[in-house]
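Please examine the structure shown below before reading the notes that follow.

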Amino acid sequence: MATAQSGTGRTVTTRIPARLDRLPWSRWHWSVVIGLGTVWILDGMEVTVVGNIAARLSEPGSGLPITSGEVTGISAALYVTGACLGALFWGRLTDIYGRKKLFLITLAVYLGATALTALSFDTWWFFLFRFLTGFGIGGEYAAINSAIDELIPAHYRGRVDLLINGSYWLGAVAGALLSIVALNTSIFPADVGWRLTFALGAVLSLVILLVRRHVPESPRWLLIHGRDEEAERIVAGIEERVTADGGKELPPVEDEMTIHQRSRTTFTEIARTVFGRYRRRSTLGFALFIGQAFLYNAITFGFGAILTQFFDVPSGNTGYYFAVIAAGNFLGPLLLGKLFDTVGRRVMISGTYVLSGALLFGTAWLFDRGSLTAATMTACWCVVLFFASAGASSAYLTVSEIFPMETRAMSIAFFYAIGTAAGGISGPLLFAELTNTGKVGDTVLAFQIGAGLMVAAGIVAAILAVNAERRSLEDIATPLSAAEPQQAAARP
């Protein structure tokens, strides 16, 4: 690594990004996936458990004076609001203070808020800590996706990112099954079982926090922020571990980049970059997040009501059906993820969006004809979400890799907040009116709206998607800190 002095900071020529991208897959990379990615399982478990315990919380003897509508309405809205605000707040700090510091802090906030939710004694307490739980989990999306993309080699980045974001649905399955056990009054008292579900989330968060301490700071972030010696030590240590695991020497690298180090990037520069220089990519991000948000709400927001109203499924059994579609959601990213790195981003993103939308149109047609049972409706949903989940996960991958390093966490946070707000606020307002009427035609319309927006997003992706597969992050979007040729330091 070579350096040169400049008026406002040092100019550094380095091979660190190329050294990280040329690494073969190793046990060290699995430690990163486990340390950073497993939090989505907690998020899925958290959201599912709250939805399933709503009826129990509203019953006499639960220990909490709250109605079922307040649990699924006000507390859910507060969780979503907290997640949106948390993403924006922590996302900015992640770009300024680093990935590791923030992915430890945000998990600690989530852990504390979840534990204190278990101690709820009044409605206002429950509401407050549902908001703070969302505030922590929103920050996780920005910090974690930034760190993962900057640590995982380019050849594996797509499949790993999809698998991690798709693991949310493993948590959803766990939450559905956990709530069945926790709400069984022959096992736990009515005022204890629901508290244990939150306590378990806090315990699992603590375990993840202990593992996460060993995940290093992003060398790419360190490099740009003037801590190149620390970045060099971290990369050298990673290379030693990977070499020891594989038993053979790593190939040399020639690609290098020259950057002008800086302490932070202003909001003005971020806005100019995201909405000016990369406005086509921003349009792509908006389309992907809005499309998947509305498709998911079209299906999941009223799925319980649809099963009970149209297929006479007992309300206590809807959790089993949800577990099935949650499994389909996880299998999509798991089985299709590799294709995003081999077939390519444009084909796979547009294909999963358009195909899932088309399949939902088909489901709506069959439902309108009265051709479906509860089992076949669930099977249709499962197939739709198999493809939709891979597409939705690719939305997070897309916005985390198509913008410059200095804006990465804030970009993830911004598009996550937009998608979450659309899904958690606009979606329910629209779909609640349609799925609760008990009319087949209204539910069909809900499906068609979600399907139409998903197909539209797929068409946008076919036109605007970036061919980011197997390319370094710096090649996809040149860092704002990249030095001009006349600033470059002498090559070593």
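In this predicted model, the largest nonpolar core comprises 130 residues. Phe-311 and Trp-381 have the most contacts inside this core. Helix 17 (residues 374-401) gives the most to the core, contributing 14 residues. In soluble globular proteins, nonpolar side chains tend to be buried together.

**Nonpolar cores**
- Leaving aside neighbours within four places in sequence, Trp-381 is in contact with Ile-299, Phe-303, Ile-306, Leu-307, Ile-325 and Phe-447.
- Another core, of seven residues, lies apart from the largest one; Ala-422, Phe-431, Leu-434 and Ala-446 are among its members.

**Helix 19**
- Helix 19 covers residues 440-464, and because each residue accounts for 1.5 Å, its 25 residues should span 36 Å.
- The C-alpha atoms at the ends of helix 19 are 36 Å apart, in agreement with that expectation.
- The buried residues of helix 19 include Phe-447, Ala-446, Met-454, Val-455 and Leu-464.

**Arg-345**
- Arg-345 belongs to helix 16 (residues 345-369).
- Arg-345 has a relative accessible area of 1%, and it is therefore buried, since buried means under 20%.
- Not counting residues up to four places away in sequence, Arg-345 touches several residues, including Arg-157, Gly-158, Leu-397, Glu-401 and Glu-469.
- A polar atom of the Arg-345 side chain lies 2.7 Å from the backbone oxygen of Phe-340.
- Val-466 is 121 residues from Arg-345 in sequence, yet their C-alpha atoms are 6.9 Å apart in space.

Methods:
Residues numbered from 1 in each chain as written. Predicted model: local features only at pLDDT ≥ 70, side-chain atom pairs only at ≥ 80, totals over all residues. Heavy atoms only, no water. Helix = DSSP H or I, 4+ residues; strand = E, 2+ residues; numbered from the N terminus. Expected span 1.5 Å × (residues − 1). Buried < 20%, exposed > 50% of the residue type's maximum accessible area, 1.4 Å probe, protein only. Core = buried A, V, L, I, M, F, W, Y, C linked by side-chain atoms within 4.5 Å. Contact = heavy atoms within 4.5 Å. Polar contact = N/O pair within 3.5 Å; in protein donor to acceptor, adjacent residues only side chain to side chain.
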